[in-house]
Amino acid sequence: MRPDVAADGYDLLVVANRLPVDVSLGDDGEPTWDRSPGGLVTALAPVMSGAEGAWVGWGGSPDLELDPFEVDGTQLVPVPLSEDEVASYYEGFSNDTLWPLYHDVIAPPQFHRPWWDDYQRVNRRFAKAAAAQAAQGATVWVHDYQLQLVPKFLRELRPDLRIGYFHHIPFPPLEIFTQLPWRKQVVEGLLGADLIGFQRAGDASNFVRVVRRLTDETTRGQVITLMKHGKVDRHVRAAAFPISIDSGAFDELARTPEVQERARQIRHELGDPEVLLLGVDRLDYTKGIRHRIKAYGELLEDGRLSPSTTTLVQVASPSRENVGAYQQLRDEVELLVGRINGDQGQVGHAPVQYLHQSFPMDEMAALYLAADVMLVTALRDGMNLVAKEYVAARSDDRGALVLSEFTGAADELSGAILVNPHDIDGMKDAITYAVHIDPREARKRMRRLRRRVLGHDVTAWSQEFLAVLTAVPARTEHV
């Protein structure tokens with residue numbers, strides 16, 4: 001055993017920007033925590049507790065240094081971030097440089113060298129924390145764009161580890177990715193992994209093409225061969241592993257009398273509209289919220305939908321509210337909603353119900369059940385789990401899903417009505433079609449959708465990825 005490997009290290013580690021809990025200090029100075037929402041936590045909690053693993057991540061509060069602690073059989077290893085690092089590594093480089101760049105430059109990315117410096121520093125800190133917790137030959141699964149340098153840093157510290165990385169957001173084409181001044185360092189960071197997972201086959205292909213252009217490594221299909229001193233050192237595989245949701249839990253929840261009664265109540269509170277449309281998104285410029293609301297407003301103006309008998313409920317969860325582009329988006333969306341309600345509304349009825357807040361899972365299930373048509377019109381999205389949640393909730397085999405072709409979900413969800421959200425006229429036609437769809441066709445489409453979503457849940461996703469990763473031959477040599 002290597003001298004720097006703890007005798008009681010963990011055989012499975014997850015490394016993510018955030019811990020599965022939000023940690024803060026109570027009035028007595030002791031740490032308190034609440035479980036974080038989100039698909040990643042749901043996906044990995046049972047895997048981690050079964051494997052007695054460790055989870056490395058930031059606790060959610062700046063300038064908070066904590067010792068590792070255990071929650072539900074998983075060791076949580078907090079990585080501290082200063083307030084300045086939250087501003088530069090997270091809000092800056094991760095969300096104002098990488099996020100817009102990787103989403104097809106829908107908003108202009110900002111390139112600042114001090115942000116990059118902090119991104120490297122924080123990634124190195126995450127890698128050191130993981131290296132200190134991993135047993136000899138352990139499996140480490142690194143998650144998402146905030147930590148793209150961790151695989152390389154971790155391999156330098158611990159060449160004995162199996163390292164996987166999963167990229168939850170899109171990976172852009174070469175022509176966009178090469179705008180990044182530190183493009184080669186990011187590629188080298190990712191190539192520290194043995195297995196690199198993406199949401200779509202197209203994302204994996206984009207990455208392999210970038211490797212071919214920016215490095216001297218050999219590629220063949222999904223496999224990248226890394227050379228060292230003129231000999232083959234190891235192989236890296238880049239492949240699609242589309243993420244899913246805990247679809248069984250959503251299906252079960254939507255079947256409960258309480259949720260079904262709440263769905264009826266929601267429609268009644270909205271004035272029992274003949275047609276209820278629903279949008280559920282983080283308030284983010286990638287989600288196509290403005291395009292959707294514009295299309296809906298024009299349908300009301302054209303008389304193709306009646307403002308007195310149609311309601312659009314738009315849930316927009318607060319997101320990154322101290323980033324300028326998000327503040328501007330909120331102002332634009334609220335202006336658009338106000339204009340439609342002012343022009344088309346009546347006393348006692350607003351054609352758009354806009355909710356800038358988050359809701360618990362049972363309320364979301366009731367909203368999904370209440371809606372006749374779900375509108376998912378993202379301009380670019382790694383997957384879009386809301387589309388899958390809607391399908392999982394529709395145990396009645398009713399409802400229609402209008403889905404952007406620029407989501408990862410579009411590759412999987414045969415049965416959805418696909419749209420190009422940039423084509424407002426096309427989107428208007430798709431919404432009208434969904435509203436007036438023949439009930440038999442709607443049932444046929446929904447059954448097809450449900451077969452996919454219920455048959456490939458989040459547990460299947462994590463098991464598939466880990467099965468491929470753990471099949472990588474162990475590296476016993478000490479470098």
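Me: In which sense do strand β13 and β14 pair, and over how many bridges?

Reply: Start with the rule. Two strands pair if DSSP finds at least two bridges between them. Helices (H or I, at least four residues) and strands (E, at least two) are DSSP runs, numbered from the N terminus. Here β13 (residues 275-282) and β14 pair in the parallel sense over eight bridges. L278 stands opposite V313 in β14. The chain gets from β13 to β14 through helix α10 (residues 289-302), and this β-α-β crossover is right-handed. A crossover is right-handed if, with the strands pointing away from the viewer, the path from the first strand over the helix to the second runs clockwise.

Me: What should I know about the model itself?

Reply: This is a predicted model: local features need pLDDT of at least 70, side-chain atom pairs count only at pLDDT 80 or more, and totals for chains, interfaces and linings use all residues. Residues are numbered from 1 along each chain as its sequence is written, and side-chain values use heavy atoms, with hydrogens and water left out.

Me: Which residues of β14 lie on one side, and which on the other?

Reply: The general idea comes first. In a regular strand the side chains alternate between the two faces of the sheet. In β14, T310, L312, Q314 and A316 are on one side. T311, V313, V315 and S317 are on the other. Both faces are covered, and these residues are all buried. Buried means under 20% relative accessible area, exposed over 50%, and partly exposed in between (1.4 Å probe, protein chains only). The count for β14 (residues 310-317) is eight of eight residues buried.

Me: In what order do the six strands of the open sheet stand?

Reply: The order is β15-β14-β13-β16-β17-β18, and the pairing is parallel. The edge strands are β15 and β18 (417-419), as each pairs on one side only. The twist averages 20° from one strand to the next. For such angles, axes are lines fitted to C-alpha atoms, for helices over the stretch in contact, and angles run from 0 to 180 degrees between N-to-C directions. Look at both ends. β14 and β15 (residues 352-355) pair over four bridges in the parallel sense. Y354 in β15 is the bridge partner of Q314. At the other end, β17 and β18 pair in the parallel sense over three bridges. There L403 has L418 as its bridge partner in β18.

Me: Which strands make up the open sheet of ten?

Reply: The order is β5-β6-β4-β1-β7-β8-β9-β12-β11-β10, and the pairing is mixed. The edge strands are β5 (69-71) and β10 (218-220), each pairing on one side only. Direction ignored, neighbouring strands of this sheet are turned by 25° against each other on average. Take β1 (residues 10-18) inside it. Seven of its nine residues are buried. Five bridges join β1 to β7 (residues 134-143), and the two run parallel. L12 stands opposite T139 in β7. Four bridges join β1 to β4 (residues 54-58), also parallel. W58 in β4 is the bridge partner of R18. For an antiparallel case, see β10 and β11 (residues 223-228), joined by three bridges. T219 has I224 as its bridge partner in β11.

Me: How many cavities of 30 Å³ or more does the structure hold?

Reply: Rolling a probe the size of a water molecule over the atoms shows where empty space is left. On a 1 Å grid over the protein atoms alone, a cavity is a set of points where a 1.4 Å probe fits but cannot get out; lining residues have an atom within 4 Å of a point. Grid points are joined across faces, edges and corners, and a volume is the space filled by probe spheres set on the points. The structure holds two such cavities.

Me: What lines the largest cavity?

Reply: Its lining is G399, A400, L401, G415, I437, A442, R445, M446 and L449. β17 (400-404) and α16 (439-455) are the elements that give two or more residues. The largest share, four residues, comes from α16. By class, the lining has six nonpolar, two polar and one charged residues. Ala, Val, Leu, Ile, Met, Phe, Trp, Tyr, Cys and Pro count as nonpolar, Asp, Glu, Lys and Arg as charged, and the others, Gly among them, as polar.

Note on methods:
On a 1 Å grid over the protein atoms alone, a cavity is a set of points where a 1.4 Å probe fits but cannot get out, and a pocket is an open set with protein on both sides within 12 Å along at least five of seven lines; lining residues have an atom within 4 Å of a point.
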